[in-house]
Amino acid sequence: MEDPELITQAIANNVRYQRSYRGLTLDQLAARSGVSRGMLVQVEQGRTNPSVSTLTRIASALGVTVARLVEVGDVPMVRIVDKADVVTFTQGDVRARLLVGADSPMILELWDWRIGPGEHHDGDAHPPGTREMVTVLEGELTLTVYGKSHVIGKDDAVLFTADRPHRYANRGSGELRIVMVVAEPREPHDQ
């Protein structure tokens, strides 16, 4: 039998994820389900073990099964990616390694980039709402977004909206190494 605390936490995570995925506020879910906002807060914070009746109303309002809400999960709490499983993309003297990614509740990717002297990478526009965060580990990055170039030095970081084409360039004489996080919102199905 599953640990009751583990199930309570799974319910909290699953309800919060399903509500967020659909773009619902707590008040909207309360109105749809007939479960009070206070009870929903307790459920999402893992402070209560909701009854089957409460879970049935929440599941129905979210359009999922009760089983989906109590599912301990396919994704482990900790996911270790062995270096042998890291995907590497190479083009000339540009090497990008996708270290780890996730697709819920939003699309997240963690990248390690190495760009040789005089090289660049042109990034396509991502969907609206996508943000990128970059830190420079070695060298100096020239980031061009919306037609304007920005120089980011070693140990500096930048956050930008990535829904337009953008360029990562190494105008220096040594290798450029950056670590990047891409955060792309998922579109709710039923909005």
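**Helix H3.** I started with H3, residues 37–44, in this predicted model. I looked up which of its residues are buried: Leu40, Val41, Val43 and Glu44. I then checked where they point. They cover an arc of only 160° around the axis, so they sit on the same side of H3. I noted the helix rule behind such patterns: an α-helix has 3.6 residues a turn, so residues three or four places apart point the same way.

**Neighbours of H3.** Next I asked which helices the buried residues of H3 pack against. I found helix H1 (4–21), helix H2 (26–33) and helix H4 (52–62). I also looked at what follows H3: Gly46, with a positive phi near 70°.

**The annotated span.** I checked the UniProt record. Its unreviewed entry gives "domain: HTH cro/C1-type" for residues 15–69. I computed the make-up of that span: 69% helix and 0% strand. Its end C-alpha atoms lie 6 Å apart.

**The largest core.** I moved on to the largest nonpolar core, which has 19 residues. Trp113, Val134, Leu141, Leu143, Tyr168, Ile178 and Met180 have the most contacts inside it. Which elements give two or more residues to this core? I listed strands S2 (94–102), S3 (107–115), S5 (131–138), S6 (141–145), S8 (157–161) and S10 (176–184). S10 gives the largest share, 4 residues.

I followed Trp113 and left out residues up to four places away in sequence. Trp113 touches Val94, Arg95, Ala96, His121, Leu176, Arg177, Ile178 and Met180. Leu40 took me back to H3, where it is one of the buried residues.

Methods:
Residues numbered from 1 in each chain as written. Predicted model: local features only at pLDDT ≥ 70, side-chain atom pairs only at ≥ 80, totals over all residues. Heavy atoms only, no water. Core = buried A, V, L, I, M, F, W, Y, C linked by side-chain atoms within 4.5 Å. Buried < 20%, exposed > 50% of the residue type's maximum accessible area, 1.4 Å probe, protein only. Contact = heavy atoms within 4.5 Å. Arc of directions from axis to C-beta. UniProt positions renumbered as here; feature names shortened; annotations may be inferred.
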